[in-house]
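Good morning, colleagues. I shall take a few minutes to walk through the model on the screen, beginning with a single helix and widening out from there.

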Amino acid sequence: MEFVNNAVSGLLLGGLYAVAALGLSLVFGTMKLVNLAHGQLLILGAYLTAMLIGLFGGGDPLLVGVAAAVLLAVVVYPLQRYIITPVMAQGEEPPMTVTFGISVVITTLLIIVFTSSPLPTWAVEYATTQWDLFGIRIRLIYLIATVIALVFILALMWLLKRTAFGRQVRAASIDAEAAGLVGIDVKKTYARVMSMSAFVAAIAGVLIALSFSVAPTTGTGWLLRAFTVVVIGGLGSLPGTLFGGFIVGLVEAAGAAWVGPQYRDVIVFGVLVVILLVRPNGLFTKVAKA
Amino acid sequence: MSTRLKSLLSYGIPVVIAVVLYVTAQSVDRAMANDFTGLFLLMTLAMAWNLVGGFGGQFSLGHSIFVGVGSYATAVILTTLGWPLIPTVLAAAVMSALIGLLLAYPLLRLRGPYLAVGSLGMAVASYGWMINWNFTKASQAYAIPVSGQISLQETYQYATILLLIAVVSIVALVRSPLGLRLVALRDNEAGAASIGVKRVRTLLPVWALSGLLTGAMGAVYALQSGSLTVDATFNIQFSLDAAIVCVIGGLGTLSGPVIGSIIIYYLRKYAADFANYALLIEAVVLVIVVRFFPSGLVGLATKGYRSITSRRTDASKK
């Protein structure tokens, strides 16, 4: 029974990991950019929400989170448009260095404004509710995260496949130059994609803060988790993200049960390193990189 | 200037400076000795990182592992085996070099951002391992037995020797055929491969040297701090520091890490009460440098110098 329990909670935790990784996957899939600031965007989303709740004098974290997500999307747009996109022409390393710099900026800003102690938890009922289903314990917040992951993945896929904006994004990702020639503003498209990524990341950050302790420096761990999910699920594949999330959740639950919960990080990042070494381009990518 | 004179100068000047610093070290007061030790350690770290991250084009975020291995090897050898200091530091450096080979061999399959994230994963995983391992006394402090007997001036002398070794070995490596192959691989991998440059065979010794120097830096760092914690040594901040220093100074240049270290070290020293603001400024400067001056401050200076000299020659033609 304990085994089933661990498996189910691992799977649902995976749903949370999937939302956390979705923005990273989206940005990588469309602009081949590994956003090293993604973990910090997640955390920043949680902090912005906390700030807005303080400002409004209350409110449901998930609802206020939507406002925070919009705010974060607005903030990130010029960053991508005027700082990241211009250096993308210089090759692979400079945009990575810039996003790395941005991640340090976000972390230190959060420490300066909120100190380095963890964010106080929000006293909402659904963060702590646990259902008992025929002896299987289910944490409601994980279930909510999994549902939100599914909704976001479906919405993003619809957006990319069925709308004019999605066609522009796909065109820009296949061949940015050709897309430019037929009148697509690639730079604006990239910035919009980054805004979407930040929006999803902020919501994910609220879900993370509802389930775990969050501090300014926890972003790096979440970046690595999200990256593990994306690598397992296939780089840039949106449905793969959900799958990758489930696998990481299961691995972590299994590792915590067999080796010890304090080794969670070692196990998950160990798996990431091993996968990168065995399949440097991800588990399910068919195209070999030259 | 003839090439021979130039190469004589590039080894001679550091040797002369190091000898002068070494000899005068005992007359320097404790605070200044400690200050210079810190600066030289940062320089060594940045130069060792620059070998891999700048000349090799491999943005490693795993160098904190070398600092950790070097410092803990020193602590463990001194405590359990009781070796004299110099062999201990050498053994710690060699151990770190071996770890460098061990990490690099698999990491070399990765390129660009994947290498960055892969090495970051290794760094965070080893931190998670060490903080739970009794061998390193887990989250407790590990005291360095001899630290009471070594004065700050002596530590400063060790740091000076270490920096000299780092400068000389890095200049030698960069000037060697291996160094040329390294830069060729970074600039055009397919082109380098087509003229017979082997990726792994070129990069492994470079990672080993980088690991060796960073490990030795960790050993001297251990002497300076007196006691170690996993939090202080396996901290990814070391990798971040090295990367920030090199990018701001100039990636893949010999003087970049030196200039970058001086700027960052003194920025931090004078903003010690506002450590987070210093880090914030560093990160903002990092972004600005990459966005507007991709070749760092050294690149900017070279460009400025060239534009002045070329204008002069233009004028003389008229």
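Let me begin with helix 9 of chain A, in which 22 of the 26 residues are buried, leaving this helix mostly covered. Please bear in mind throughout that this is a predicted model. From its first C-alpha to its last, helix 9 of chain A reaches 37 Å, close to the 38 Å expected at 1.5 Å a residue.

Which residues touch the most other members of the largest nonpolar core? They are Val19(A) and Leu207(A), in a core of 199 residues. Helix 9 of chain A, residues 186-211, gives the most to this core, with 18 residues. If we set aside the neighbours of Leu207(A) within four places in sequence, its contacts are Leu16(A), Val19(A), Ile141(A), Ala145(A) and Ile148(A). As general background, nonpolar side chains in soluble globular proteins tend to be buried together.

Chain A comprises twelve helices and two strands. Read from the N terminus, the order of its elements is α-α-α-α-α-β-β-α-α-α-α-α-α-α. The C-alpha trace of chain A spans about 60 × 45 × 35 Å along its principal axes. Its radius of gyration is 19 Å, in agreement with the value near 19 Å that a compact globule of 290 residues would have. Of those 290 residues, 52% count as buried. Of the contacts in chain A between residues at least 6 apart in sequence, 75% join residues at least 24 apart.

I turn next to the two strands. Strand 1 of chain A, residues 130-133, and strand 2 of chain A, residues 136-139, pair in the antiparallel sense over four bridges. Within that pairing, Asp132(A) has Arg137(A) in strand 2 as its bridge partner. The two strands form a hairpin with two residues between them, and Phe134(A) in the turn has a positive phi of about 50°.

That brings me to backbone angles. In general, most residues other than glycine have a negative phi. Lys32(A) is not a glycine, yet its phi is positive, near 55°. Lys32(A) sits in the loop between helix 1 (2-31) and helix 2 (38-56) of chain A. Is Lys32(A) buried or partly exposed? It counts as partly exposed, with 16 C-beta neighbours inside 10 Å. Thr115(A), also not a glycine, has a positive phi of about 60°. Its place is the loop between helix 4 and helix 5 (125-128) of chain A.

Let us move to chain B. Here we find 14 helices and two strands. The radius of gyration of chain B is 20 Å, close to the 20 Å that the globule rule gives for 318 residues, so chain B is as compact as a globular protein of that length. The C-alpha trace of chain B spans about 70 × 50 × 40 Å along its principal axes. Of its 318 residues, 48% count as buried. Among contacts in chain B with a separation of 6 or more, residues 24 or more positions apart account for 81%.

Chain B also has a helix 9, covering residues 199-225. Its 27 residues reach 38 Å from first C-alpha to last, close to the 39 Å expected at 1.5 Å a residue. Because 20 of those 27 residues are buried, helix 9 of chain B is largely enclosed by the rest of the structure. Just after helix 9 of chain B comes Gly226(B), with a positive phi of about 85°.

Towards the end of chain B, Tyr305(B) lies in helix 14, residues 296-317. Tyr305(B) is exposed, with 10 other C-beta atoms within 10 Å. Between Tyr305(B) and Leu108(B) there are 197 residues of separation in sequence and 37 Å in space, C-alpha to C-alpha.

Finally, how do the two chains meet? In all, 34 residues of chain A are in contact with 33 residues of chain B. On the chain A side, helix 3 (61-88), helix 4 (93-114), helix 10 (219-233) and helix 12 (264-278) each supply at least two residues. Helix 4 of chain A gives the most, with 13 residues. By class, this side of chain A has 23 nonpolar, eight polar and three charged residues.

Thank you for your attention.

Notes:
Residues numbered from 1 in each chain as written. Chains lettered and ligands numbered in written order. Predicted model: local features only at pLDDT ≥ 70, side-chain atom pairs only at ≥ 80, totals over all residues. Rg over C-alpha atoms; globule rule 2.2 N^0.38 Å. Buried ≥ 20, exposed ≤ 12 C-beta atoms within 10 Å, placed from the backbone. Contact = placed C-beta atoms within 7 Å. Nonpolar A, V, L, I, M, F, W, Y, C, P; charged D, E, K, R; others polar. Pairing = 2+ DSSP bridges. Core = buried A, V, L, I, M, F, W, Y, C linked by C-beta atoms within 7 Å. Expected span 1.5 Å × (residues − 1).
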